[in-house]
Amino acid sequence: MAASKDSNLIAIAEFIIKEGRRLGATECDVKIASSDAVDTGVRLGEVETLEGAQSRGLHFEAYVGKKSASTSTSDFRRAALTDLIRTTIAMANASEEDPFSGLPEAQYLATEIPDLMLTDGAIAKIATEDKIQMALAAEAAARGYDNKITNSRGASFTDWSGNTVFANSHGFVGSYSSTHCSISAAVVASQDNEMQVGGWSSGALSFNKLESPEQVGITAAKRALRMLGARKVKSQMVPVVFDPLMAATLLAQFVGATAGSHVYRNSSFLAGKVDQVVANPAVKIIDDPLMMAALGSRPYDGEGLPSRRRIIVQNGVLQCYLLGSYSARKLNTIPNGGSTGNLHFEPGLLSAEEIIATVENGLYLTSVSGPGFNVVTGDYSRGASGLWIENGELAYPVEGITIAGNMLDMFNNIEQIGNDLIFRSSTVSPTLKIGAMMVAGE
Amino acid sequence: MIKVESAETQLQKLFQLTSSQVQRVIDTATGGEQGKSKGVFCDLYFQAGTAQGLTFDQGVLKNTSSSTTCGAGVRVVVGDKTGYSHTGHVNITNLLQCAKVARAITDHAGASANVAVGLPEGVSGPHDLYGILNCPVDIALQEKIDLLRNIDKEVRLYDPRIQNVTVSVACESYTIIIVNSLDQIFVDLRPLVRISVSCLAEDGGRKETGSSGGGGRFEFSVLAEEDKWKEHAHIAAKMAIDLLSAAPAPAGVMDVVLGSGWPGVLIHEAVGHGLEGDFNRMGTSAFSSLMGEAVASPLVTVIDDGTMEDRRGSLNFDDEGTPTSRTVLIENGKLKGYLQDKKNAGLMKTALTGNGRRQDYRYAPIPRMTNTYMDGGQSTPEEIIASVKYGLYAANFGGGQVDITNGNFTFSAIGAYLIEDGKITKTVKGATLIGNGPKALHNVTMVGNDVSLDRGVGTCGKAGQGVPVGVGMPTIRINGVTVGGAK
């Protein structure tokens with residue numbers, strides 16, 4: 001199925017580039033995406049939502065010299081496309097010159113499109129009834145786990161398959177297909193007048209990599225139950241152990257500060273820090289969009305630049321920024337790609353339990369809330385909840401507190417990196433321990 | 001005013017569909033009279049229009065973009081169950097296919113309840129809140145570029161320490177047509193404009209940012225009024241410059257004064273989300289069992305009002321065709337009302353409030369806020385600040401977040417001022433403030449007489465859908481708030 005759809009989209013992309021050039025664009029590019037998605041939701045043992053849709057859209061960018069404009073649409077009729085191209089070029093003409101604008105120079109574009117095995121044909125063959133059964137099984141496992149699980153926000157099975165094509169007037173034409181599926185559940189645990197929600201989701205590119213519905217449900221139930229009886233703690237400076245999901249969020253914020261757009265604006269705490277120590281010497285951060293069959297993989301990036309494995313932090317020293325072609329021109333250097341895929345910390349040797357055992361009094365962080373991160377200064381202050389650690393063991397749940405610090409201090413103060421790295425999304429991390437952060441509570 | 005043509009004319013013009021074709025789609029989705037008699041409801045949501053954005057960065061026009069939408073969604077509701085499908089390529093074949101996909105939910109029908117019908121209390125029909133003479137998208141690019149350049153200049157003029165300025169303008173205009181199985185048809189033309197200003201100030205290696213913005217459902221020319229855009233330029237510049245000398249924020253529990261306007265994001269997070277009908281119907285909101293009970297100090301009255309003229313969160317009718325209304329959520333501290341859509345109001349047997357909203361045609365509607373604010377009280381802002389022995393005065397906020405089920409909410413101050421002995425003494429850095437929805441508002445001890453809404457920048461996220469909203473509040477004092485500073 002993928003092949004025929006792909007060739008149709010490629011033909012549209014090639015038409016648009018040719019038409020764009022004919023109608024006056026000096027350079028142009030187009031991205032086309034189409035997808036099929038199904039979402040099956042259940043709640044309290046019954047089907048609650050069934051959603052299914054085929055979507056498609058295209059994004060066209062035209063340059064007239066150093067002037068540019070872009071447009072997007074879901075109307076693929078030939079006449080509408082020609083109109084769209086004319087409109088875009090007229091908008092570009094009415095805009096103003098930006099000396100740094102333009103496609104990536106041809107020599108930087110990807111010349112090979114590796115097959116990263118990003119699809120699983122098995123997903124399309126799953127019957128709706130089987131998807132419903134998996135969602136029901138996840139919810140039933142969660143509700144049956146403990147009689148303190150008293151309510152449910154529901155469970156779902158979702159799947160997605162898509163094709164994408166990117167082409168530009170330097171002759172680049174790339175396309176690939178990918179798939180994704182997930183099972184998730186969220187249930188409510190209650191006791192006295194307190195309610196706590198706990199959720200879990202397992203997502204994968206192929207069906208056989210998903211956790212079982214029962215496993216998803218039980219994890220959701222455990223996450224809700226362990227928060228019952230949550231209280232505040234006194235304000236104090238303590239070590240904070242980030243669970244893998246929280247550590248991944250932190251990693252994404254840290255590496256986001258190396259984006260070229262922040263660097264040329266000098267609007268990041270990491271601007272000007274290449275070749276300088278930005279983290280504990282034990283820290284190694286890797287970006288690897290070429291991993292086979294992984295959720296964050298892609299054969300080329302959004303501008304047609306090649307995907308490549310790169311080390312972003314080595315021995316605690318920042319190695320590079322993330323530079324798309326625009327940022328690279330602004331900084332008078334060569335582009336290395338402005339986005340990441342399968343971004344992760346290199347794992348360490350200790351298990352999560354062993355890391356927790358090193359903390360006498362501190363926080364095991366399982367949830368954060370609010371924006372609370374200033375990329376310019378690195379100042380970090382977020383709402384937090386999790387489990388309090390006493391004498392190396394998880395002792396009781398805490399909520400209604402905040403954690404604060406400065407990202408640069410926090411990364412320099414990474415004392416341990418766990419061995420529990422799982423590629424469950426496009427940015428991942430093992431358990432992480434930060435030596436000291438300010439916890440505000442009572 | 002731009003004349004809004006009849007729904008039938010627009011369906012023909014924008015989607016090349018006749019009334020009988022649309023009826024065929026509805027009949028396919030509901031299963032005709034037989035389905036309707038079993039309580040099957042269907043609505044079609046058509047959306048056509050354009051969103052346009054321009055960004056001026058570091059003194060040059062960096063982005064000029066436009067996005068055209070022309071799509072439709074088909075929804076089937078039976079009892080508490082929903083089927084949904086959408087297409088970005090509207091024709092009768094694709095709509096019939098969507099109808100079949102959405103209809104599959106009826107194979108799973110359980111206990112039936114009809115969706116709520118009728119009008120919200122005190123409302124006689126759709127409003128006329130944002131008639132415009134000129135579509136904001138159609139205003140010449142040059143006018144917009146000139147505005148961006150003027151703002152950029154004004155921010156730089158404020159202080160030589162301003163290094164970077166980014167200014168953007170966003171204009172959109174959508175025609176919305178809703179047709180349902182109750183033989184109702186609605187049409188609306190929804191304009192929305194917004195300006196955003198951000199800047200970076202630098203002094204001796206220290207860097208800080210400031211931002212401002214505003215907009216609403218009105219003409220582009222309102223954004224271009226000189227006093228309005230200059231105000232945004234000055235607010236952004238002043239914020240960045242002030243923060244250059246800010247001390248670290250304190251950590252711990254203290255009394256906090258919140259300024260009027262945008263700090264109303266507190267109300268949005270602490271109260272608003274927890275009173276959305278879906279969570280309360282399911283019993284998963286921290287407010288679920290508290291109707292009629294005191295959930296705030298008697299000084300607190302909270303209102304959601306989708307009927308305010310020109311406001312970003314306002315709508316003539318919601319995304320199910322129900323006219324918006326003014327809903328009192330908390331009156332003198334007592335919990336009074338929920339925000340409802342058709343499905344949840346039907347299941348809970350309450351009146352509609354006109355809060356069924358969706359991001360766009362790709363999503364089924366869910367209960368959402370419109371413009372949500374705390375009503376004004378008696379104190380002057382000066383009295384409120386003077387009443388605090390030691391605390392924080394926070395007037396600039398970023399966003400916030402809430403856990404609906406346990407009620408814990410956070411919102412982020414972008415810079416604040418220390419109050420010592422009733423006087424503002426120094427600027428401190430931003431910090432997260434945290435509290436619990438049903439508990440925090442009991443600690444409101446003073447409410448100002450200066451209620452105002454934000455300048456028109458808010459976007460609320462829920463279930464992956466973003467919708468424009470307004471928030472508001474007078475100056476208030478809350479005792480015993482946990483402030484998440486680094487010291």
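The model is predicted: local features need pLDDT of at least 70, side-chain atom pairs count only at pLDDT 80 or more, and totals for chains, interfaces and linings use all residues. Residues are numbered from 1 along each chain as its sequence is written, while chains are lettered from A and ligands numbered from 1 in the order in which they are written.

Chain B holds 12 helices and 24 strands. Helices (H or I, at least four residues) and strands (E, at least two) are DSSP runs, numbered from the N terminus. The C-alpha trace of chain B spans about 70 × 55 × 35 Å along its principal axes. Of the 487 residues of chain B, 61% are buried. A residue is buried if 20 or more other C-beta atoms, placed from the backbone, lie within 10 Å of its own; it is exposed with 12 or fewer, and partly exposed in between. Among contacts in chain B with a separation of 6 or more, 76% link residues 24 or more positions apart. Two residues are in contact if their C-beta atoms, placed from the backbone, lie within 7 Å.

B:Arg455 sits in the loop between β21 (452-453) and β22 (458-462) of chain B. B:Arg455 counts as buried because 21 other C-beta atoms lie within 10 Å. Beyond its neighbours within four places in sequence, B:Arg455 contacts B:Gly213 and B:Gly214. B:Arg194 is 261 residues away along the chain, yet its C-alpha atom is 9.6 Å from that of B:Arg455.

Chain A is assigned domain 1 (2-225) and domain 2 (230-442). These bounds come from an automatic or database domain assignment. The C-alpha centres of the two domains of chain A are 25 Å apart. In chain A, 20 residues of domain 1 contact 21 residues of domain 2. On the side of domain 1 that touches domain 2, β4 (149-168), β5 (173-191) and β6 (194-204) of chain A each give two or more residues. That side has 14 nonpolar, six polar and no charged residues. Ala, Val, Leu, Ile, Met, Phe, Trp, Tyr, Cys and Pro count as nonpolar, Asp, Glu, Lys and Arg as charged, and the others, Gly among them, as polar.

Chain A also contains an open, mixed sheet of five strands, ordered β10-β9-β8-β11-β16. β10 (317-318) and β16 (427-428) of chain A are the edges; each has a single partner strand, so one side of each lacks a neighbour in the sheet. Strands pair if DSSP finds at least two bridges between them. β11 (residues 343-345) of chain A pairs with β16(A) in the parallel sense over two bridges. A:His344 stands opposite A:Val428.

The contact between the chains takes 63 residues from chain B and 56 residues from chain A. Strand β2 (residues 60-78) of chain B gives the most to its side, with 10 residues. The side of chain B comprises 18 nonpolar, 37 polar and eight charged residues. Strand β2 (residues 46-64) of chain A runs parallel to strand β3 (residues 81-87) of chain B, joined by three bridges. A:Leu50 has B:Gly83 as its bridge partner.

The largest nonpolar core has 204 residues. Such a core is a set of buried Ala, Val, Leu, Ile, Met, Phe, Trp, Tyr and Cys residues joined through C-beta atoms within 7 Å.
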